[in-house]
Every structure is written in C-alpha cells, then in structure tokens.
Amino acid sequence: MFGMKFFILAVFALTSCVAKPTTRELYEEDLKLERQLKLINKPSVNTVKTEYGDIYGCIDFYKQPAFDHALLKSHEFHPEMRPSNMNGLEEVEKEEEKEEGDNEIEVECPHGTVPIRRTTKEDLIRQKTFNQMFDSNIHPLTDSEPGNRVISKYVDMDFGGGFAHFSLYQTPNVHQLQFSSGLIKVSNGTDFIKAGWTVNPTLYGDNRCRKFAYFHTRDQHCFNTNCPGFVIVNNNSPLDYAFPKVSEIAVRIMECRFYIYRDPQNGNWWLVTGKGKKQKALGFWPAKLFTDLAYNADQVYWGGELFTIPNSKTSPMGNGLLIKHVDDPRLYAYARDCSKGTH
C-alpha cells in the first residue's frame, strides 16, 4: 500500500431550475412522497433507536428496497453472501496503530434481516431540494451557480476496485444545501460508485460525520438506499450511521477504510469497511445494474469533496483548517487496486 498526498483542484458547478408549483402539483407531489415513503420504509421485524435519535428498521433481507428494482425482481441473492477472495486487500506493510476499528456502532438486527434508516417526509423534501442541485448538469463554477470543489487524486488504469483510508472529521460550518466529504470513487463512462464519510445536513438533518454511499448509472442515481439497487447483507453495520468517534485536532485521529471491490466471480460491486478482523462487507451493487461498470473501472479517485450553493460562503473540508502546502499531513488517503493486489 502506498500513501499519496493530493491537492489537484477541480471546480465544477451544478445548475437547477425552480418553478413555482400549482396547488394540484403540490397535492400530486405530496402523494408521490407518500408512495415513496412506503417503498423505502418497508415493514420491519423490529426497530432500533441509536443514541443520536436515528431509527433503523430491521427489514427481512428479501423485502429490502433493492429488490424493487425491475432488474432484481428475480434473483438468487441471500443474506449469507460475501465477496469472494479480495486479492490484495491484505496488509503488505506495517502501519502505525491508530484508533480504527472501535468506531463501529452495531444496530443488532436479527439474523436474516438488514438495518435501514427510517425516512421521514421531511427527509424526502430536503433530499429532493438537494438532488435538484446536486444531480444537475456540470458547468464551470460562477458566482451565481452552485458547485462542487474537489481535492483529489485519480488514476487511469483497468481496475477491479480500490480502497481509501480516511481520517474522520465532523467538519464545522457545513450548512443546508452544502456537504463536506472524504470519499473514494470508481468509475467507467457514465457509471460510478462513491463511498466514504460525509457531513451533509440536507441529506441527514444534522451535522454528524456519517458513512455514505452513492451510485450513478444511465438509469438512476441516489445516496445509500434512497432508490433500489444496493443489496445489504450486513445485519449490524448500516449505511448512513453516525460515527460515534471522530478526529479532534491535537487530541486524536479516528480513521476508517472504505473498499469498493468488483467480485471477479460474478461482477457485483461490493462495499467493505474496516480492516483486519473488524472488516465488514456491508453489501453490493449487482453487476446487472451497470453498463459501463459491468466490467472493470477505468478510473479510481480518492480525496475530499464539498458542495455549496450560490452566493454563500464555501463550507470547509476535512478538519476545517486551511491547507498550507501540498505536503500538509492533515489531509491524506491511501489507495490501491483491489483486484490484482498491485499498488
């Protein structure tokens, strides 16, 4: 494994068009939200409430939202599925011991069920506003357009996956219609998958540092399980949970690893977190969802990303401190090719 310092700045903008809705449009939108809530909030065996107030439903594996996707109606997936041998994920060199691995909260859903965060109508309304901006066309950043800022490193090769090792931060001063993240991304053509940590008050309604995933295909795109596609197999480590411990400047560094790995036996793209005995396979995006990522990725990115709206102060990145130079050790990640065990 190798470490890389990265400070390649790319600036993009996303546009949206907002029209004043009529009374009938508001009514139809409310009905649409209710239908969406029923699709997302499946009947649960039981519920678990975390110390932060999040409520997770323990959903029967076979009734999770992923299987609402037309391409996944008929499948042979089961809750015991795990990725095949992830060649190259083993450690190849000793690292300084850090407080990683004790940072996982467990939701403790029964075997055969999977934890999914309950979504409220308010959540959907916030997410819709955010998605109208985030999912729009990309243009050069201007004073009047919302946009992304990315500090990242990328590699062009034929990849079967990769992983990144991030310090976790509860980034300060991130407001509505903004986010700040550390992530890894694999892509090919129009298809891509992102995963990492994020502070995103619009998506979650708070400013906690949370695990997230996002996938984009020609037909759909969404965070976590907000649309059908991601098949959860882990019954106690959910997406979008709030990390109980984060890094504190001059006090401690908390870290987490995120792996996005294509299983060579079936082409499914797996999301794995942690390392060693603490490593957990959370779930996968089935190969049949993708066109360009149906085979390998041709680019892997890792780094920091933030999003902000027009005429507003840009949210900070990471710990919120200004990076002085490209060798500043406060912002870093490791990445490697998971499929071949090469660096």
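Reply:

**Cysteines and their surroundings**

Counting the bonded cysteines along the protein chain, the disulfides follow the pattern 1-2, 3-4. The model is a predicted one, and it holds 2 disulfides.

One of these joins Cys58 and Cys109, with the sulfur atoms 2.0 Å apart, and at -80° about the S-S bond this link is left-handed. The pair connects distant parts of the chain, since Cys58 belongs to strand 4 (residues 55-60) while Cys109 sits in the loop between strand 4 and strand 5 (113-117), 51 residues apart. Both Cys58 and Cys109 are buried.

A disulfide also joins Cys222 to Cys227, with an S to S distance of 2.1 Å. The torsion about the S-S bond of Cys222 and Cys227 is about -80°, so this disulfide is left-handed. Cys222 is buried, with a relative accessible area of 7%, and Cys227, at 13% relative accessibility, likewise counts as buried because the cut-off for that class is under 20%.

Two further cysteines deserve a careful word. The sulfur of Cys209 has its closest cysteine sulfur in Cys256, at 9.0 Å, which is too far for a bond, because a disulfide requires sulfur atoms within 2.5 Å. Cys256, for its part, is in no disulfide. Cys209 counts as buried at 1% relative accessibility, and Cys256 is buried with a relative accessible area of 4%.

The strand that holds Phe223 also brings in aromatic contacts. By the ring-centre rule there are 15 aromatic pairs, among them Phe212 and Phe223, a tilted pair with 6.1 Å from centre to centre and 50° between the planes. Phe212 lies in strand 11 (residues 210-216) and Phe223 in strand 12 (residues 221-223), so the pair ties together parts that are 11 residues apart in sequence.

Phe215 and Phe290 form another pair, whose ring centres are 6.4 Å apart and whose planes stand at 75°, so the pair is edge-to-face. Here Phe215 lies in strand 11 and Phe290 in the loop between strand 16 (280-285) and strand 17, so parts 75 residues apart in sequence are tied together. Phe215 is buried, with a relative accessible area of 0%, and Phe290 is buried as well, at 6%.

Methods:
Residues are numbered from 1 along each chain as its sequence is written. This is a predicted model: local features need pLDDT of at least 70, side-chain atom pairs count only at pLDDT 80 or more; totals for chains, interfaces and linings use all residues. Side-chain values use heavy atoms; hydrogens and water are left out. Rings of Phe, Tyr and Trp (its six-membered ring) pair if their centres lie within 6.5 Å; planes under 30 degrees apart count as stacked, over 60 as edge-to-face and the rest as tilted. Helices (H or I, at least four residues) and strands (E, at least two) are DSSP runs, numbered from the N terminus. Buried means under 20% relative accessible area, exposed over 50%, partly exposed in between (1.4 Å probe, protein chains only).
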